[in-house]
Amino acid sequence: MQPFRSVTGPAIPLMMANVDTDVIIPIQRLVGTGREGLGPYAFERLRTRADGSENPDFVANRPPWRGAPILLADENFGCGSSREGAVWALMGMGVRCVIAPSFGDIFFANCFQNGLLPVRLPIAAIRRIAEETEAAPGNARTTVDLERQVVITPRGEEIPFAVDARKRQALLEGLDGIALTLRQRD
């Protein structure tokens with residue numbers, strides 16, 4: 001697993017509540033598609049039109065946010081089924097961190113197991129970051145620093161966040177559950 005220390009870049013303002021794992025990656029895409037091939041299908045129903053062409057109205061398809069490493073969301077992101085492929089699809093589209101007020105429990109756990117950092121912040125703080133991002137879309141950069149446990153907004157405000165100490169250390173070192181277990185080999 002790739003270590004996570006910090007990430008800086010545009011933050012996709014996907015301010016939707018209750019985005020479930022089926023919206024993130026449709027179940028039919030998990031059959032016959034390897035883990036590494038899921039990125040193009042992330043948010044497929046939102047990213048594409050009925051004819052299969054790209055939907056220019058979907059925020060992640062627009063230039064400053066295409067391939068952005070941070071995703072901003074509303075309440076209950078990643079709810080629904082226990083689809084680990086949802087995390088893989090997000091990472092395949094370039095996302096390394098999702099910032100939301102709350103997450104589906106299984107999605108939240110799957111993030112840590114795969115190197116994607118889920119950050120819980122109050123919705124008011126997330127909306128401020130989204131507004132700053134949308135005000136200067138080509139120039140706005142957000143930083144998520146796991147070592148210092150702060151989100152730095154495009155205007156420079158530092159917002160602290162909490163992460164379980166063991167999960168934080170595993171992300172910093174790039175260790176999934178198996179790697180953590182193997183450390184106990186002796």
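Helices (H or I, at least four residues) and strands (E, at least two) are DSSP runs, numbered from the N terminus. This is a predicted model, in which local features need pLDDT of at least 70, side-chain atom pairs count only at pLDDT 80 or more, and totals for chains, interfaces and linings use all residues. Residues are numbered from 1 along each chain as its sequence is written, and side-chain values use heavy atoms, with hydrogens and water left out.

**Strand E6 and its partners**
- Strand E6 covers residues 142-145; Thr142 and Val144 point one way and Thr143 and Asp145 the other, and all are buried (under 20% relative accessible area, with exposed over 50% and partly exposed in between; 1.4 Å probe, protein chains only).
- E6 pairs with strand E1 (residues 6-9) in the antiparallel sense over 4 bridges; two strands pair if DSSP finds at least two bridges between them.
- Strand E7 (residues 150-152) also runs antiparallel to E6, joined by 3 bridges.
- Thr143 of E6 stands opposite Thr8, and its bridge partner in E7 is Ile152.

**Positive phi values**
- Most residues other than glycine have a negative phi.
- Gln149, which is not a glycine, has a positive phi of about 55° and is found in the loop between E6 and E7.
- The hairpin of E6 and E7 has 4 residues between the strands.
- Asn76 has a positive phi near 65° and lies in the loop between strand E3 (70-72) and helix H3 (85-92).
- Asn76 is partly exposed, with a relative accessible area of 26%.

**Helix H6**
- In helix H6 (residues 165-173), the buried residues are Arg168, Ala170, Leu171 and Leu172.
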